[in-house]
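These are my notebook entries on one protein model. I set down what I looked up, one topic at a time.

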Amino acid sequence: MPPATTLLADVRAKVTIDVDSMDPDVAARHTTPEHKFCDMTSNQAIVYSEAVRPQRAHVFNAAVDQIRSAESQLDLESQVSNAIDLLTVLLAKEVYPHITGRVHAQTSPSAAYDTEATIQHAKKLVALFEANGIPKSRVCIKIPATPESIVACNYLERLGIRTLATCLFSVPQAMAAHQAGCLYVAPYFNGMRLLAMPCGSNEKPLTGYPLSPAHLFAFMHERYRARHPTRTLRAIQPGFLHPRCAPLTATPHRLRRGTPPRRRAELRVHSEPGVWKEYADTAREHPMAPVVGAVVRVFKEVGSSTLVMPASIVTAKEVLALVSLKPDHLTLSGAVLDQLAASESAAGEAPKPHHPDVPLGATPSESALTGAHKEPDVKSINYLENGAAALREAFGRDAEVSRKMADALKIFGEMEEKTKELLRAALRA
């Protein structure tokens, strides 16, 4: 009998794996002589989650000290703006030795509908990486796939700055990114809906904030591993997140149940579309599966060099479903990597070319996702001309994609502001 392998090793044999974490311990834990991560991905929520961890205090303090000593002549808000970018770069630098490819940093969500502001922020991030020993050739800038920012991607690619179109929920967004020359597209397999808000109890959390499903699981998993170092949390039971349960308050240091808030909390994982739920057959039933499958197929048909990297993945089961759709990369959080590493692979199981119930020869219509009319042939549309007018029209026809984009930008904006609050307080001290 051949030796048992883990699901993580099996998945790595079929698709390139990136680490969706700025924690060097996560990257180190899942790096072996045979298996290394390609890229490291990040966003404003990941930066914040690292900024508040005691283990990353030395990185946070280094960013503050450098800005304080070098930019004391600037006003406080300029210092804060520069400090959050430096913190992002320094956090990425700690993971850099564990990867063979690129570090990713995301432009500010506040610039998502401003082409020039996105371009300037991307240039600033690349310059900071270079100043800290990471060459431009090892950097990729994540940019939300709005019409204005896709135009920015096209300009940056012509400058030799590689880009990833993130917050991607539709085939038109993907085609626009291909036409812009993006290195990657990152379809969000799960949206960024709010799962938990601070409670209105007498004991208010110091840093309560909304969580995506992946971040909620990550915090639960981190807490579980602290108590049981040799075990791995496989999943959170669905009932744990039932809307009738008391709202969860999440902080970087604890998760607890709380009393109902004065302001109604959003805990909608089982009550609204777009919020994470478990499917019996993820590749067939998940609403984003046909989108990912169609992006893979259309890119193959047009000979695109843009790589498909699904993101916002919550469970090992979702990973296996996505592998069956044959993307180029998957970016995975520490919690999902731990799930895969703790599970044995079925010996001798041959990889499926694609899920039999998700035919890659047919483009999903918008009606399958939102009840709208069928999307026009994306291959015949120039999404970049006239300031990405066709992509703007596609957003206008698809209320669900517009809602998901607004959700993602809102949450990333909130996380960015919370990190700035921490830096503002430190710089004032």
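Before the helix pairs, I noted how a crossing is named: it is left-handed if the near helix is turned anticlockwise from the far one by less than a right angle, and right-handed if clockwise. I also noted that this is a predicted model, in which local features need pLDDT of at least 70 and side-chain atom pairs count only at pLDDT 80 or more, while totals for chains, interfaces and linings use all residues. Residues are numbered from 1 along each chain as its sequence is written, and side-chain values use heavy atoms, with hydrogens and water left out.

**Entry 1: Overview**

I recorded 16 helices and nine strands in the protein. Helices (H or I, at least four residues) and strands (E, at least two) are DSSP runs, numbered from the N terminus. I then looked up burial, where buried means under 20% relative accessible area, exposed over 50%, and partly exposed in between (1.4 Å probe, protein chains only). Of the 429 residues, 58% count as buried. For contacts (heavy atoms within 4.5 Å), I took those with a separation of 6 or more; residues 24 or more positions apart account for 71% of them.

**Entry 2: Helices α3 and α16**

How do α3 and α16 pack? Helix α3 (residues 44-51) and helix α16 (residues 399-428) have axes 8 Å apart and an angle of about 30°. Here axes are lines fitted to C-alpha atoms, for helices over the stretch in contact, and angles run from 0 to 180 degrees between N-to-C directions. The two helices α3 and α16 are therefore roughly parallel to each other. In this scheme, angles under 35 degrees count as roughly parallel, over 145 as roughly antiparallel, 65 to 115 as roughly perpendicular and the rest as oblique. I noted that α3 passes α16 in a left-handed crossing. On the α3 side the contact is made by Q44, A45, V47, Y48 and A51, and on the α16 side by F412, M415, E416, K418, T419 and L422. By class, this contact of α3 with α16 has seven nonpolar, two polar and two charged residues. The classes are as follows: Ala, Val, Leu, Ile, Met, Phe, Trp, Tyr, Cys and Pro count as nonpolar, Asp, Glu, Lys and Arg as charged, and the others, Gly among them, as polar.

**Entry 3: Helices α6 and α7**

I next examined helix α6 (residues 115-131) and helix α7 (residues 147-158), whose axes come within 8 Å and cross at roughly 45°. Helices α6 and α7 are therefore oblique to each other. The crossing of α6 past α7 is right-handed. From α6 the contact draws on T115, T118, I119, A122 and K123, and from α7 on E148, S149, V151, A152, Y155 and L156. I listed six nonpolar, three polar and two charged residues in this contact of α6 with α7.

**Entry 4: The sheet**

What is the order of the strands in the open sheet? I read the five strands as β2-β3-β4-β5-β8, with parallel pairing; two strands pair if DSSP finds at least two bridges between them. The edge strands are β2 and β8 (307-308), each of which pairs on one side only. Four bridges join β2 (residues 103-106) to β3, and V103 has V139 as its bridge partner in β3. Three bridges join β4 to β5, with L164 opposite Y184. Two bridges join β5 (residues 184-187) to β8, and V185 stands opposite V308. Helix α16 packs on the sheet, touching β2, β3 and β4 (163-168), and its direction makes about 110° with that of β4.

**Entry 5: Faces of the strands**

In a regular strand the side chains alternate between the two faces of the sheet. In β3 (residues 139-144), six of six residues are buried: V139, I141 and I143 on one side, and C140, K142 and P144 on the other. In β5, Y184 and A186 point one way and V185 and P187 the other way, and all are buried.

**Entry 6: Single residues**

Most residues other than glycine have a negative phi. I found that C167, in strand β4, has a positive phi near 50°. At 0% relative accessibility, C167 counts as buried. N386, in helix α15 (residues 385-397), also has a positive phi, near 55°. Is N386 buried or exposed? At 67% relative accessibility, N386 counts as exposed.

Lastly, I looked up E130 in helix α6, which is partly exposed at 44% relative accessible area. Leaving aside its neighbours within four places in sequence, E130 is in contact with P135 and K136.
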